[in-house]
Amino acid sequence: MTPTCVSCEQGVSHCHGTLIVDILTLDCTDPDCQDLDVARHTLVLDATEIDEPSSSSVSTAA
Ligand SMILES: [Zn+2]
Ligand SMILES: [Zn+2]
């Protein structure tokens, strides 16, 4: 079993970890990650949306 993907075969600089995008910080689940660039990651987790409080129902109190 070879852990390769299209980017691996093409020699493209990329990361197999999950990039966690927060409001001000970037984090990667791969400890060997060298560059926290969104373009290098197939898996990107947007923490800004998860942390968002339940404000989907906005009350229009005028
Ligand atoms: Zn790869
Ligand atoms: Zn990474």
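## Strand pairing in a predicted model

Threonine 18 stands opposite leucine 43 of strand S3. Strand S1 covers residues 15-21 and runs parallel to S3, to which five bridges join it.

The pairing of S1 with S2 is antiparallel and extends over three bridges. Within S2, leucine 26 is the bridge partner of valine 21.

| Residue | Bridge partner | Strand of the partner |
|---|---|---|
| Valine 21 | Leucine 26 | S2 |

Together the three strands form an open sheet in the order S2-S1-S3, and the pairing is mixed. Strand S2 (26-28) and strand S3 (41-46) are the edge strands, each of them pairing on one side only. From one strand to the next, the twist averages 30°. In a regular strand, side chains alternate between the two faces of the sheet.

At the level of the whole chain, the secondary structure consists of two helices and three strands. Read from the N terminus, the elements follow the sequence α-β-β-β-α.

Two further values describe the chain. Of its 62 residues, 6% are buried. Among contacts with a separation of 6 or more, 45% are between residues 24 or more positions apart.

How values were computed:
Residues numbered from 1 in each chain as written. Chains lettered and ligands numbered in written order. Predicted model: local features only at pLDDT ≥ 70, side-chain atom pairs only at ≥ 80, totals over all residues. Helix = DSSP H or I, 4+ residues; strand = E, 2+ residues; numbered from the N terminus. Buried ≥ 20, exposed ≤ 12 C-beta atoms within 10 Å, placed from the backbone. Contact = placed C-beta atoms within 7 Å. Pairing = 2+ DSSP bridges. Axes fitted to C-alpha atoms, helices over the stretch in contact; angles between N-to-C directions.
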